[in-house]
Amino acid sequence: MLTTSNKFQPIEQITLTAIPTEQAAFYLNRRPQTLRIWAMKENGLIRPIRINGRLAWPVKEIKKVLGIECQ
């Protein structure tokens with residue numbers, strides 16, 4: 001069984017343009033529900049992309065918030 005710290009690869013290795021809420025919350029050290037509230041109120045650090053009714057969080061924006069340079 002994977003522990004929380006082993007569940008997701010390091011953010012620097014992510015090549016996708018957007019990731020699901022649970023994964024974004026892990027990298028931002030927030031609860032998934034916090035990100036859902038950000039999406040609903042449109043007042044959070046990052047705005048998600050809505051894909052077929054689901055939230056996807058831009059990796060580029062997450063890296064910017066974390067102070068990681070994008071290539």
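Three bridges join strand β1 (residues 18-20) to strand β3 (residues 54-58), and the two strands run antiparallel. Strands here are DSSP runs of E with at least two residues, helices are runs of H or I with at least four residues, and both are numbered from the N terminus. Two strands count as paired if DSSP finds at least two bridges between them.

The model is predicted, so to speak of local features requires pLDDT of at least 70 and side-chain atom pairs count only at pLDDT 80 or more, while totals for chains, interfaces and linings use all residues. Residues are numbered from 1 along each chain as its sequence is written, and side-chain values use heavy atoms, with hydrogens and water left out.

**Overall makeup**

- The secondary structure of the protein comes to four helices and three strands.
- From the N terminus on, the elements follow the order α-β-α-α-β-β-α.
- The radius of gyration is 12 Å, which agrees with the value near 11 Å that a compact globule of 71 residues would have. This radius is taken over C-alpha atoms, and the globule rule is 2.2 Å times the number of residues to the power 0.38.
- Along the principal axes, the C-alpha atoms fill a box of roughly 30 × 30 × 20 Å.

**The sheet**

- Three strands form an open sheet in the order β1-β3-β2, with antiparallel pairing. The edge strands are β1 and β2, each of which pairs on one side only.
- Neighbouring strands of this sheet are turned by 45° against each other on average, direction ignored. Axes are lines fitted to C-alpha atoms, for helices over the stretch in contact, and angles run from 0 to 180 degrees between N-to-C directions.
- R50 has L55 in β3 as its bridge partner, and I51 stands opposite R54 in β3.
- The hairpin of β2 and β3 has two residues between the strands, and N52 takes a positive phi near 50° there.

**Helices α2 and α4**

- Helix α2 (residues 21-28) and helix α4 (residues 59-66) pack at an angle of about 15°, with their axes 10 Å apart. The two helices are therefore roughly parallel to each other; angles under 35 degrees count as roughly parallel, over 145 as roughly antiparallel, 65 to 115 as roughly perpendicular and the rest as oblique.
- A24, Y27 and L28 in α2 meet I62, V65 and L66 in α4, where contact means heavy atoms within 4.5 Å.
- The residues of this contact divide into six nonpolar, no polar and no charged. Ala, Val, Leu, Ile, Met, Phe, Trp, Tyr, Cys and Pro count as nonpolar, Asp, Glu, Lys and Arg as charged, and the others, Gly among them, as polar.

**Helices α2 and α3**

- The axes of α2 and helix α3 (residues 32-41) come within 8 Å and cross at roughly 105°. That makes α2 roughly perpendicular to α3.
- On the α2 side the contact is made by T21, E22, A24, A25 and L28, and on the α3 side by P32, L35, R36 and W38.
- By class, the contact of α2 with α3 has six nonpolar, one polar and two charged residues.
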